[in-house]
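Please open the model in a viewer and keep the selection panel at hand.

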Amino acid sequence: VGAHGEGWSVDLMWLLPYFGILVLIHVMRVIRWKPLLDPIAPLSMAEHNRIGAVGFMAMFLFPLRLGELVRPYLVKKATAKLGTPVRMSEVLATVVVERVIDGLVVSLFLFGVLFLLPGEGASADRMKVGAFAALAVFGAAAVLLAGARWQHERTKTFVQMTAGLVSKRLAKGIGRILDDFLRGLRR
């Protein structure tokens with residue numbers, strides 16, 4: 001309700017820059033993902049844009065970011081039509097790398113901004129702890145991905161040994177998926 005009780009009003013002219021920014025964000029996401037995906041599945045920019053549009057929409061619609069699985073699935077379907085199928089787990093490695101780097105950069109910005117801003121008190125301290133925790137989580141994930149990238153066999157052996165404690169069959173299945181994932185990470 002407005003200040004004089006006349007109700008809500010929206011200036012529709014602000015929708016134009018809003019949609020322009022949304023388009024720019026989409027284009028930048030597609031451009032950012034393409035170099036990661038091209039060594040695994042070289043697709044045309046139009047196909048890449050289509051997959052990105054559907055995948056990013058699904059990411060916002062599905063809970064727990066389950067929409068991130070849509071892009072690898074669509075890449076698998078698109079490459080199968082072209083006669084050069086790739087495994088979803090290979091493509092998933094590019095999504096994981098993209099998400100980890102994205103989270104690391106955002107955490108670094110958040111960490112930097114919060115520590116440069118003046119602020120005292122419990123709420124400022126909690127925000128700084130949260131920023132540090134996010135930075136630690138994404139930093140650790142980046143280190144793990146880098147380690148897995150260069151220590152493929154050790155990573156695979158470690159996962160198979162730990163999963164093998166539960167079930168040899170489970171360890172074998174996880175090993176196949178992990179092998180594809182690490183192959184995608186190496187490219």
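## Pockets along H5

Begin with H5, which gives the most to the lining of the second largest pocket, with five residues. Helices here are DSSP runs of H or I with at least four residues, numbered from the N terminus. The model is a predicted one, in which local features need pLDDT of at least 70 and side-chain atom pairs count only at pLDDT 80 or more, whereas totals for chains, interfaces and linings use all residues. Residues are numbered from 1 along each chain as its sequence is written, and side-chain values use heavy atoms, with hydrogens and water left out.

Select Val97, Val100, Ile101, Ala142, Leu145, Ala146, Arg149, Trp150 and Leu185 to display the lining of the second largest pocket. The elements that give two or more residues to this lining are H4 and H5. A pocket, on a 1 Å grid over the protein atoms alone, is an open set of points where a 1.4 Å probe fits, with protein on both sides within 12 Å along at least five of seven lines; lining residues have an atom within 4 Å of a point. The space in the second largest pocket is about 150 Å³, a volume being the space filled by probe spheres set on the points, with grid points joined across faces, edges and corners. By class, its lining has eight nonpolar, no polar and one charged residues. In this classification Ala, Val, Leu, Ile, Met, Phe, Trp, Tyr, Cys and Pro are nonpolar, Asp, Glu, Lys and Arg are charged, and the others, Gly among them, are polar.

Next, select Val100, Ala141, Leu144, Leu145, Gly147, Ala148, Thr155, Phe158 and Val159, which line the largest pocket. About 190 Å³ of space lies there. Helix H5 (122–150) and helix H6 (152–164) each supply at least two residues of the lining of the largest pocket, and H5 provides the largest share, five residues. This lining comprises seven nonpolar, two polar and no charged residues.

## The nonpolar cores

Which residues have the most contacts inside the largest nonpolar core? Select Trp33, Leu37, Ile51, Val75 and Val91, which hold that place in a core of 14 residues. Helix H1 (15–37), helix H2 (45–61), helix H3 (70–82) and H4 each supply at least two residues of this core; the largest share, four residues, comes from H3. A nonpolar core is a set of buried Ala, Val, Leu, Ile, Met, Phe, Trp, Tyr and Cys residues joined through side-chain atoms within 4.5 Å. Buried means under 20% relative accessible area, exposed over 50%, and partly exposed in between, with a 1.4 Å probe and protein chains only.

Centre the view on Val75. Leaving aside its neighbours within four places in sequence, Val75 is in contact (heavy atoms within 4.5 Å) with Trp33, Leu37, Ala41, Leu43, Ile51, Val86 and Val91.

Select H1, which has 23 residues and reaches 33 Å from its first C-alpha to its last, close to the 33 Å expected at 1.5 Å a residue. The expected span is 1.5 Å times one less than the number of residues. The buried residues of H1 are Val30, Trp33, Lys34 and Leu37, and they pack against H2, H3 and H4. An α-helix has 3.6 residues a turn, so residues three or four places apart point the same way. Val27, also found in H1, is partly exposed at 35% relative accessible area. The C-alpha atoms of Val27 and Ala53 are separated by 9.2 Å.

Then select H7 (residues 168–186), whose 19 residues reach 26 Å from first C-alpha to last, close to the expected 27 Å. Its buried residues include Leu178, Phe181 and Leu185. The buried residues of H7 pack against H4, H5 and H6.

## Further stops

Select Phe111 in helix H4 (residues 88–116). Phe111 is partly exposed, with a relative accessible area of 23%. Beyond its neighbours within four places in sequence, Phe111 is in contact with Ala131, Phe132 and Leu135.

Finish in the loop between H2 and H3, at Leu64 and Arg65. Most residues other than glycine have a negative phi. Phi of Leu64, however, is near 55 degrees, and Arg65 has a positive phi of about 55 degrees. Leu64 counts as exposed at 79% relative accessibility, whereas Arg65 is partly exposed at 41%.
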